[in-house]
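Subject: Structure handover

Hello,

Here is the structure we spoke about. Please look it over, then read the notes below.

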Amino acid sequence: MRILDPHIHMTSRTTDDYEALYAAGVRAVVEPAFWLGQPRTSVGSFTDYFDSLLGWERFRAAQFGVRHHATIALNPKEANDPRCREVLAEIPRYLLKDGVVAVGEVGYDSMTPEEDEVFAAQLGMAEEAGLPVLVHTPHRDKLAGTRRTLDVVRESGLAPERVLVDHLNETNVALVRDAGAWAGFSIYPDTKMDEHRMVALLQEYGTERMIVNSAADWGRSDPLKTVRTGEAMLAAGFSEDDVDQVLWRNPVAFYEQSGNLVLDPVPGFSAGEPPTPGVEFEGSSVLRGARA
Amino acid sequence: MNTVTTGIPAGTPGAVWLDEALAGVARDPDSVTRAFAFAARRVGRAPLRPDTDPGGVVHGTVDDAARAALVVALADAVGVGMGMGTCVGADADKDCADRLVLLYRQGDGAERRGVLRGFDALTERGDLGPVGEPTALVTAGLELAADALRANDPSLVAAAVGPFGARHLDQHTWRHAILKLVFQGVSLTAASDLDRRADDELGRMARDFAAERRAAGRSVPADLDRLTNTRLTNDQPTNDRLSSTKE
Ligand SMILES: [Zn+2]
């Protein structure tokens with residue numbers, strides 16, 4: 001199984017997770033900028049976070065053979081704080097950077113006027129930068145939130161195939177598919193969506209424009225849920241090719257619209273092979289646990 | 001003249017892009033920001049010396065070299081080196097320094113390496129003036145090198161001990177940078193002018209480090225030999241520093 005996890009917050013995860021991801025076939029990840037659990041109070045904490053996504057986290061992932069990419073945005077929750085909204089002025093320069101494959105996560109949290117404004121502004125930035133958009137759907141009032149999301153996307157003039165609407169479930173998947181956008185599903189240990197319900201959705205809607213992620217973060221989550229979904233698909237009679245489409249080709253096709261995905265093996269790692277035990281790669285300090 | 005050798009074969013799309021980007025910077029120095037961000041996507045990320053340095057950590061990558069060339073083009077565009085020692089020269093230095101600090105601060109890891117390697121290229125071209133009379137550019141380079149040397153990414157540390165670091169870092173900072181390379185498992189061939197700058201104190205630090213590694217039952221990097229006055233082996237007694245420390 002080769003896997004691109006299109007939505008995973010690796011800054012919140014350990015090196016054990018990177019090892020497990022690589023061993024399970026995850027060769028590339030996309031880390032969307034999001035809320036950190038603790039509210040930010042200034043632009044500086046955003047830019048330090050964005051910089052760490054493009055610097056330290058990319059380096060850390062590469063030590064384990066994983067290609068790390070990011071999506072950059074002001075998230076909907078913090079769009080409601082005027083101290084945070086100032087970061088909007090900084091976002092366009094981040095959208096030019098290597099490895100930034102979309103604007104995201106944008107969308108709604110509580111569906112306030114401030115969220116409307118910030119969402120629309122960032123859709124414009126995506127258009128300007130030629131990037132696709134990763135949209136988060138709200139946890140509360142999800143169906144209405146999804147409808148409003150799709151309306152705003154339509155009004156923005158952005159082509160629907162450049163939009164991935166995430167955290168979907170049985171109630172709103174049809175809306176998103178009918179709009180022509182990509183449908184994303186976050187497979188969690190006990191909420192949102194699990195791998196068996198996911199398989200049922202794939203049986204009902206097919207494997208086109210369907211994308212599965214672990215959305216693993218600092219909450220209760222499992223970075224291997226993409227793999228588990230692939231296994232559940234195989235057990236339910238889907239082919240290896242179907243699994244490859246959902247776990248690799250679909251997320252690659254979506255993010256490749258950025259022209260900014262890097263998928264060749266990290267130097268020192270061979271495609272499809274585990275790293276050779278005992279072989280140290282030049283400068284692999286994280287791998288060896290050194291803190292210089 | 002742009003003196004940076006990028007290793008990009010002439011006539012390839014990467015070389016064509018770089019030529020256009022360099023000409024663009026000559027016309028409009030502000031265009032360097034976008035060129036810096038897109039360099040790796042246009043010229044690739046291959047190591048400059050794949051045989052000995054497959055990760056491009058020690059000697060850098062093609063995009064590092066392309067960015068260094070952009071730094072040289074930027075320096076030329078704002079007039080660095082044209083009026084050395086004059087007011088016009090000092091203004092150009094300050095302008096270039098401010099631009100390079102911003103490129104570094106707003107850059108990702110690879111862009112930061114590119115700025116550091118750009119300082120190397122300016123050093124080798126003789127644009128930075130004599131040691132001991134720090135210009136605005138040298139002061140900026142030292143500030144950025146200090147930042148890079150705090151990083152845990154070995155490619156940044158390696159990029160800070162090239163010709164610029166060898167010429168301008170103070171001895172204490174330089175020694176710690178060299179020891180950090182050893183600590184991170186990066187070949188000391190990353191360091192320019194190692195034999196000229198290595199001193200007894202660095203030898204002592206290296207021997208102490210070797211002793212610590214042996215005490216932990218770990219191997220001693222072969223490179224450490226280059227730093228110690230005596231030949232080091234893994235079975236040397238651990239109190240060797242007591243008999244050979246000079247400072
Ligand atoms: Zn998320």
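**Fold of chain B**

In chain B, residues 24 or more positions apart account for 65% of the contacts with a separation of 6 or more, a contact being heavy atoms within 4.5 Å. Chain B has 12 helices and 0 strands. Helices (H or I, at least four residues) and strands (E, at least two) are DSSP runs, numbered from the N terminus. Along the sequence the pattern reads α-α-α-α-α-α-α-α-α-α-α-α. Of the 247 residues in chain B, 55% are buried. Buried means under 20% relative accessible area, exposed over 50%, and partly exposed in between (1.4 Å probe, protein chains only).

**Basis**

This is a predicted model: local features need pLDDT of at least 70, side-chain atom pairs count only at pLDDT 80 or more, and totals for chains, interfaces and linings use all residues. Residues are numbered from 1 along each chain as its sequence is written, chains are lettered from A and ligands numbered from 1 in the order in which they are written, and side-chain values use heavy atoms, with hydrogens and water left out.

**Zinc site**

His7(A) (NE2), His9(A) (NE2) and Glu105(A) (OE) coordinate the zinc ion at 2.0 to 2.3 Å. Donors are N, O and S atoms within 2.8 Å of the metal (3.2 Å for Na, K and Ca); water is not among the atoms, so sites may look incomplete. The donor spacing along the chain is H-x1-H-x95-E. His7(A) and Glu105(A) link distant parts of the chain, 98 residues apart. His7(A) lies in the loop between strand S1 (3-5) and helix H1 (15-24) of chain A, and Glu105(A) in strand S4 (residues 100-107). Both His7(A) and Glu105(A) are buried.

**Interface of chains A and B**

On chain A, 23 residues are in contact with 28 residues of chain B. The two chains bury about 2100 Å² between them, 50% of it on carbon and sulfur atoms. That area is the accessible area (1.4 Å probe) that two parts lose on being put together, summed over both.

There are 4 salt bridges between the chains, each a side-chain nitrogen of Lys or Arg within 4 Å of a carboxyl oxygen of Asp or Glu. Lys97(A) forms a salt bridge with Glu111(B), with the closest N and O atoms 2.9 Å apart.

On the side of chain A that touches chain B, the elements giving two or more residues are helix H2 (43-54), helix H3 (56-62) and helix H12 (285-288). H3(A) gives the largest share, 3 residues.

Best wishes
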